[in-house]
Amino acid sequence: MTSIISCDSFLDERPSKTTSVVPETLEQLEALLNNYSNFINQASNELIFGSDDYGFNTDLYDASTSTYGTTEAVYGMWDVDIAETITSRIFWPVEWKKVFTANLILQNLSSVSGDEAKKEQLRAECHFIRAYSYFEMANVFCLPYSDATKGELGLPIKQATSFEENIARATLEETYAYIEADLQEALTLTKTFGQVNNLNNSWRASTAAVNAFAARYYLALNDNVKAQSYAQKALDEYDVLRNYNTDMYYSTIPSEVTIFDPAPTQVPIQYPYTHDQQTVVEDRFEFGESYYFRQISNAGWKYWPSQELLDLYDQDNDLRYKYHVVEGYSYDRGAVDPAYNYPGYIFFFKSDIPSGPSVSEMILTKAEAQVRQGAWTEGIQTVNQLRVARMDMTADANVINLSASSQEEALTKVLEERRRELPFSRRWFDIRRYNNNDTPADDVVITRTFYPFNANTILGLETPQTYTLDKNSRRYAYPIPTTDIIASDGVLEQNTY
Amino acid sequence: MNAFFFGRRKLFKTLMKTFILLFCTSVFSFSPGNLLSQNAKIKFETDRTLSIDEVFDVIKNQTDYTFIYRSDLFKNSPKIAVKKGIVRANKLLENSLSGYNLKFDLSANNTIVIEDNQQVIENRKPRQQPITGKVVDENGDPLPGVAIILKGTTIGTTTDFDGNYSIKAKSGDVLLVTYIGYNNQAITVANDMVINISMTVDLNELEEVVISTGYQKISKERATGSYETVAKAQLDKPSSSIAERLVGMVAGVQSTTNADGSIDFQIRGQSSLFADAQPLIVLDGFPIEGGFETINPNDVESITILKDAAAASIWGAKSANGVIVIVTKKAKKGRTSVSISSFVKTSSKLDLDYVLGRATAAETLEYEQRAFDTNFFDGLIGSPPGNGSNFLGPYSQAIVAMNEARLGRISAGDRDAILAQLSGLDNTSQIEDHLLAVPLTKQYNINISGGNDKMTNSLSLLFEDSNSYFQGDDNQQYLINYNNRVQLAKPIHFEFGAMMQLNDMTTNSGGNMLSTIRSLAPWDMLVNQDGSLADMSYLKYYRPNLDTYVPFDSFPYADWSYNPITEVNNRDLNTKQMNARVQAGLTLDLLEGLTVSSKIQYELFNSNVKNYYNDNTFAVRQFINETSGPEWQSGGVPTQLVPSGGVLQQSKSTVTAYNFRNQLNFNRIFADKHRVDFVAGTEISSRVFESTNHPSAFGYNNETLGSSPLLGDINTSTLWNYYPAAYVRYFYDFNLSPQHTFSESTVRLFSMYGNLGYTYDDKYSVTGSYRTDASNIISEDPKYRYNPFWSVGFGWHMGKENFMQEVTWVDRMTLRGTYGANGNIDRSTSFRPLINLGSSLNQVTGENTATISSFGNPTLRWEKTYSTNVGVDFSLLNRSLYGTIDVYHKKGIDLIVDQSISAVNGTTSQKFNNGEMVNKGFEITLGTVLPIKGDDFVWSGSINYAHNDNEITSFFKADYQSYNLYGGPTSSYVEGEDANSLWSYVYTGLMNVGTDANPVLVPSVQGDNGTQSTILTWVAGEARNYMENQGTTVAPTTLGMRNSFKIKDFDLSFILTAKFGHVFRRQSFNYSAVTGGNTMVNSAYSEVANGDPSEIIPIPDSQPRYYFYDRFYPYMSYLTEDASHIRFQEINLNYSLPAKITDKLGVNSLNIFAQANNVGTILFNDFGEDPEFTKQTIKPQTSLTFGIQLNF
């Protein structure tokens, strides 16, 4: 028996030094946070295809059936019945993994060796990560938060890594209280927005990042005072914008597609240089406008901008149109024979658009909050700080600068600018809050016309139908995956419609 | 009274009775061979040499018989030698006394009186002359201690150490030669002064089988578990790996031979779902690194398979998959013996028709034309190459011709001429001549052993040189084994063993030559008509655009040509393995039957990989050229990044392992009837694996050993296609990373074990075992960490009961039953959440990174398999029929399964100890030894039959997608089904996805709820509902048969194996994409081209989503076929030179043998596909082995 006792130390040997280790130092925990690839992707098809920034075009589909798939149709037509059965819904599990990572670090902080002050910083950062994921998920899977919806289904409150913890969904009120509490913890972070390896350290939390997220959070709750205040705090620390006149350029890698029109013809396609790198993220961190880098990802590589969105741009002078709206992108996606030309929205490679709090978002948030609070002329001035960096500098000043003659007009102008600047990534969030504030003028009812479809295929030979998402539709909350309800043994509840 | 020797100590009590009996005995004629009860058996613990008086002593001690005879009766008789083991008392008597002219009387109380029948002739007649000679066994090894008696007298002698004897006899006398375990011989003396005698083994006497569990050796008679040993004759046949000798030999051991010749075994079905499924291999008492490959097959003495709980649970947490225990030969005391053997094994080259399974040139052309005419099936992933510097990707030569004509760069006439030429070419014979090799294995082995009473030594040296089916591959193996046993003092002996192995493996074929060959179209010729190597760079580039746009001369290497033969000739890919194993043990005899032993094993396995490519290889030239900058695209000179010269890649790995064991052994018989065998001990073991990858050396020269740094900064350099240099790992086989990467893992175990066997009166046996394993990879919670494994068993030797004595046709009959638990390890999971630390800094941020590697399973414990086994062993009619029948039920619980949980927990699946699985089955082994014509013609045969049914009884997965099910194990595990179920789509013909007026027909499969679903997208719904489970891919029924005929000096044997009741998928047409190089249209083309689209998926005419076909076409139910087959594994013919000749040659024995393996197969499918080596995989060819074995 003595040998058993002495053997426990023999058996204490770690099974591995690098793979599969129990975290023992603060540096090891921090290494989890440094691994940006675990955090930056926000693969929500729901918010990409659900908003009216995404265009459904039957002519494009007719030219090449591979330009749309059932995924686009199901989320784009808010078909909750099919959506819940789709199994490749990675947004839900990936966000929960981020929550798990935060909880793992929070749980281990007290037992690892390391500087106490630094531990406090990591603790605040983990609360930030948790708050961020909860907020993003609530915007996809729960109804917009208001007095009327407080008792609706929220998200499970996950505070530890244990599999024993109850995972039933809390109310929306409890969920937002949990986010708010985490946000308050996160705001204790005191870390300047610095550089690592000559890149803005935007893959890690900083005071500026937390403030920027707080601005986003309070704007969603229509709290314009707090939103403006936090946006200002973020901008006070960092407000560098990339000037598209000098800092944006086309890719030098030639790209040509042969189309048959009907004779074979070589068509060059011009991408922004940010398109070049598919998996290496230097360009993304170098871009330098994000306080906290996150990106929406579209595995189908197809962001078709809606005609409505395209019409919002000044196609001659808006450099965002010049670089991000890529002519002939439909050729690249297969519409070559017969050839059909439709542009694609390209930011990083074909799949990714930045979605984390950024300098431009803070400027737009501040401007909107100012306008909504009545300081609309200041709001217009604020938004014009962004315009300088985005519009062709050779254009007339009245083309570059926006102007308005009333608060209503100012609000419209600011919201249009917001849509031009942050397409696909913020639009779904914005429509939800527009429809739940005290300003009826900004309400949005989405309608679109497209072919009918089922879970397996788009029925491209049938007559197109009209699909509408009403202002207060319960379909603003997408269903959680059925597989997860089964896996939870029924503990998780599904949204009702 | 002194004139009589009395067997019993109670001399006076029995004296009167004896006298009375002497007069009352009726006169029966007894011979020594039928005096005693048929079942009286005598056991010898060691080899001994006994006087006849001592023989009687032994018999009376172990049976109820007593002997009375005159004390000087056997005074001059020769001693007899007996071997360790069990022998029938009758046989012992017969051997001891035959030849003597004696009269036997048996009394009712088992007292035997022996008298001379006539006066011993003391004075021999003068014509007597000295006769000398030598007695040897079948192998020519001398037999010491053989008794030689002059018939009709008590005069005799025994052979000495070297088997020599000398006796005086006259012509006409008969010499009776007897030796336990061998057939008696009677030789009439003629005029020869020298009579050499060769003894043959008495097959009827080989009753005692000793099995080894790795911890102890016990008699199979007393064991209650299901043990099986492999026939000695089988182990002695030539092989490169001893694993080959197990194929088809043991019921319930299913073997699958891999293409590389290695063999996987599964004992009694699959026991684990996610954990290791291989049986544990134990060599001389310890689990070993490196498995069968590190064992010299010529050194193997015995193999025991431990199949049930009682047999295997002594191995605790490693035993659920069964255990294979191998014991090597040990030197015997006596003269030095030397054994030399050598063989050559060869087979024909690969059958390219089968291995490539490709369509003809004309068919390939037909398919490609069809694809090109429909604009690559309208495919998104393939648009025909245009005319520009960014269209450099390779296409088939036919597609290039068609496309060049479309782009107007060649005329339609030129195109047609090219196509006509291509369709007439066939490169098969060029591939055979230039890329394939004739496999050849040469093995040389020397084994030297010998010793004296104090010390024995044996040494074996093995050298094997082999090459594979491909040119450029060869492997040299050097294996040295040394064993030593020393009696340090009377009660202490020391054992030492050492193994040293060097494997020098060259794989200049690249290790993937088959895929290189497969990427060739039938018209891609390797060699020009003038014999020079063809430039096949069209396999790498779209050659017309390359020629037009790429200025070859401005690149570091102007030569852009490619030919696979050049590649093989200009690389040196070498792996050297240096393996060493040392075992040492000390055994101390404390009391009678009680010993303490301490054993240690240390292993050090090293593997060094050194891959050198010189700059004649395309791989290096391409790498250096394409890592040069993009300036060429605007007329400049590309900036070279990688220095010119060769590339050297190096990596190494090391395993260091040790076991240390202390054990108490106790074997003793109390009061004649109570036999106890007990072992108990503790053991610690540790295994550390380390590996290192070195950065590649560039500009390396194998002669000067010089290398150069990169010519530019990898972080700022750009490749020839504008991509950053950091991207090279996505494009090439070489990596520019400047970092070394390291990894290390450790598994430690602490174990305690015990095994107790008790046998009463040789009739009833009870056994029990217990083991606990604690490990650093299992939960710290003692409740789980020390969770024990145990077994109980009973045995009833029914054949020894009195009521069976009448049943003379039963030689032996034993009933056995066991129950207990075995364990298994899964190293991939953990009890706590764990993280992986990146082995190098992040390339973008320069920071350390980590990922979560395990979400934690706080109750992680060993997997446990509870098995019940009931069996019977029998031998009938003097071994005319013997066999074993076993029935078992194995239930695995706490099996580690990847189970669905809610994503809210951080992961959608997590490994928990929640799975359960049942294996049920039975096994029958039957054998016979039939002397058809004395010893000259003997048939021995054995057949084994096993049946196993497997079912996963508990497994939770929330939902199944089709790819989970067709993906096979482990993603296809479904509760209630066999673990190896084959799931397929059911084809439902063409489906109209258009309208009635405007039909669009698309192939479809059965969907959920009786719907149809196209094969252009994943089928919606639960896959178990719409896919079909077509049966298991692992044979439930297996059969092995071995027959051997001994005809004088020839031995002919053959082995047959068969598997029944399972299914496999035959080759499907590959609906190949026409982009990305050659199309590789396979030989099932005609089946589809001529097929009915309502029965088989047709070739698409125009289908942009045809790239989705590959999620369907390989998994259709119409491809599933019966996998049953019968395999003629082996035919072996052995000729032993008669003793007359070997004597003249001065050797003990000389055998010459020929063997054929993979002789043929009987298939039960109509497509000529071998279920275990399906089309387009390497199928082993029939091999022939010729060899010689010499002992002196």
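How many bridges pair strand 8 of chain A with strand 11 of chain A? Strand 8 (residues 295-297) and strand 11 of chain A are joined by three bridges, in the antiparallel sense. Strands here are DSSP runs (E, at least two residues) and helices are DSSP runs (H or I, at least four residues), numbered from the N terminus; two strands pair if DSSP finds at least two bridges between them.

Residues are numbered from 1 along each chain as its sequence is written, chains are lettered from A and ligands numbered from 1 in the order in which they are written, and side-chain values use heavy atoms, with hydrogens and water left out.

**Confidence**

The predictor gives the complex an ipTM of 0.91 and a pTM of 0.79. For chain B, the average pLDDT (the predictor's confidence in each residue, from 0 to 100) is 86, and 94% of the residues score at least 70. Residues 1-29 of chain B stay under 50, and the model has 30 contacts (heavy atoms within 4.5 Å) for them beyond four places in sequence. Residues 119-126 of chain B are also below 50, with six contacts beyond near neighbours in sequence. Where pLDDT is low, the predicted coordinates should not be read in detail.

**Sheets and strand pairs**

Back to chain A: strands 1-8-11 form, in that order, an open sheet of three strands with mixed pairing. Its edges are strand 1 (41-42) and strand 11 (352-354), each pairing on one side only. Within it, Ser297(A) stands opposite Asp352(A) of strand 11.

In chain B, an open sheet of four strands has the order 11-10-13-14, with antiparallel pairing. The twist averages 20 degrees from one strand to the next. Here Ile149(B) has Leu176(B), in strand 13, as its bridge partner.

| Strand | Partner strand | Bridges |
|---|---|---|
| Strand 10 (residues 147-150) of chain B | Strand 13 (residues 174-178) of chain B | four bridges |
| Strand 29 (residues 492-507) of chain B | Strand 30 (residues 571-591) of chain B | 15 bridges |
| Strand 30 of chain B | Strand 31 (residues 594-613) of chain B | 20 bridges |

**Inside the protein**

A nonpolar core is a set of buried Ala, Val, Leu, Ile, Met, Phe, Trp, Tyr and Cys residues joined through side-chain atoms within 4.5 Å. Buried means under 20% relative accessible area, exposed over 50%, and partly exposed in between (1.4 Å probe, protein chains only). Among the 212 residues of the largest core, Trp92(A) and Tyr291(A) touch the most other members. Helix 8 of chain A gives the most to this core, with 13 residues. Contacts of Trp92(A) include Met137(A), Phe141(A), Ala903(B) and Val904(B).

Helix 8 (residues 116-141) of chain A also holds Lys119(A). Lys119(A) is buried, with a relative accessible area of 8%. Residues that Lys119(A) touches include Leu26(A), Leu109(A) and Val112(A).

Key
Predicted model: local features only at pLDDT ≥ 70, side-chain atom pairs only at ≥ 80, totals over all residues. Axes fitted to C-alpha atoms, helices over the stretch in contact; angles between N-to-C directions.
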